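Hi everyone, thanks for having me. Today I'd like to walk you through some salt bridges, so let's bring the structure up on the screen.

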Amino acid sequence: MNRINAGFQRLRADGEKAFIPYIMGGDPDLEATVSLIERLDAAGADLIEIGVPFSDPLADGPVIQQAAVRALQNGVNLNRLFGAVAVASRRSKVPLVLMIYYNMILARGVESFCAAAHEAGCAGLIVPDLPPDEAGQLVELADHYQLGLNFLVAPTSSGRRIERAIAATTGFVYAVSLKGVTGVRNELAPDLPQLVQRIRSCTTKPVAVGFGIATPEQARTVATFADGVIVGSAIVAAVASDPSLLAAEKLARDLRAAIRT
């Protein structure tokens with residue numbers, strides 16, 4: 001059993017829901033990334049997603065794209081990020097999940113990447129541009145290196161695609177709340193509970209919802225019908241607005257309190 005699966009089992013046994021913040025690795029720098037992971041852990045994060053900066057993101061909105069550009073301009077690459085993750089994983093117990101585009105995995109070599117991610121202390125992976133039916137090699141190697149895989153399901157996903165995503169998932173099923181890219185939204189999609197119910201009708205694996213969730217009120221609502229709540233752009237924007245990281249830490253505490261209420 002990987003650490004992501006084990007963590008959700010503990011939360012479910014306690015009747016709790018997971019708070020999953022997303023940060024961009026290397027924004028504003030790698031030292032800040034390590035510090036932010038420690039702060040988010042202290043604020044009550046159950047998992048932390050770390051975006052790997054990439055020059056051609058497909059799923060990210062402007063806030064996260066700009067964070068990736070800042071990180072790349074600061075010279076952050078996969079090897080340097082692995083080093084920061086290794087430091088953070090020694091200082092913090094919260095599972096760390098890399099959100100990475102498959103091009104970067106292929107460029108390194110799938111087994112070499114999985115071995116390096118395991119060595120750095122990563123608990124799992126989210127690969128938003130990898131269809132589950134094309135993921136056989138990664139599924140096999142991730143299992144060998146104890147990396148939980150978390151596949152995406154969108155509002156437009158067919159029943160067959162949902163089944164394939166569930167079958168390949170060894171951590172949580174990532175329910176994308178809306179059609180489009182990441183980013184703060186004023187309102188949640190009205191059919192979001194129905195999407196989560198569609199997934200849950202096919203599996204007992206945990207379902208976490210991301211994309212568009214920004215406020216404690218939205219997080220509280222999502223926690224009533226999902227196993228986990230993922231917040232990205234709002235936290236990335238807080239980091240950009242306050243390099244001391246205090247704003248991001250406060251937002252994380254407010255989100256976590258709302259999810260647990």
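Let's begin with a glutamate: E16 is partly exposed, at a relative accessible area of 30%. Keep in mind as we go that this is a predicted model.

What does E16 pair with? Its salt-bridge partner is R260, and the closest N and O atoms are 3.4 Å apart. Now look at where these two sit in the chain: R260 belongs to helix α12 (residues 246-260), while E16 lies in the loop between α1 (3-13) and β1 (18-24), so the pair links distant parts of the chain, 244 residues apart. R260 counts as partly exposed too, at 23% relative accessibility.

Next, please find R91 and E38. Their side chains meet in a salt bridge, at 3.5 Å from N to O. Here again distant parts of the chain are linked: R91 is in helix α4 (residues 78-91) and E38 is in helix α2 (residues 30-42), 53 residues apart. Is R91 buried or exposed? With 54% relative accessibility, R91 counts as exposed, because the cut-off for that is over 50%. E38, at 31%, is partly exposed.

Let's go back to helix α12 for another pair. K250 and D254 form a salt bridge, with the closest N and O atoms 2.8 Å apart. These residues are four apart in the helix, so about one helical turn separates them. K250 is exposed at 52%, whereas D254 is partly exposed at 32%.

Conventions
Residues are numbered from 1 along each chain as its sequence is written. This is a predicted model: local features need pLDDT of at least 70, side-chain atom pairs count only at pLDDT 80 or more; totals for chains, interfaces and linings use all residues. Side-chain values use heavy atoms; hydrogens and water are left out. A salt bridge is a side-chain nitrogen of Lys or Arg within 4 Å of a carboxyl oxygen of Asp or Glu. Buried means under 20% relative accessible area, exposed over 50%, partly exposed in between (1.4 Å probe, protein chains only).
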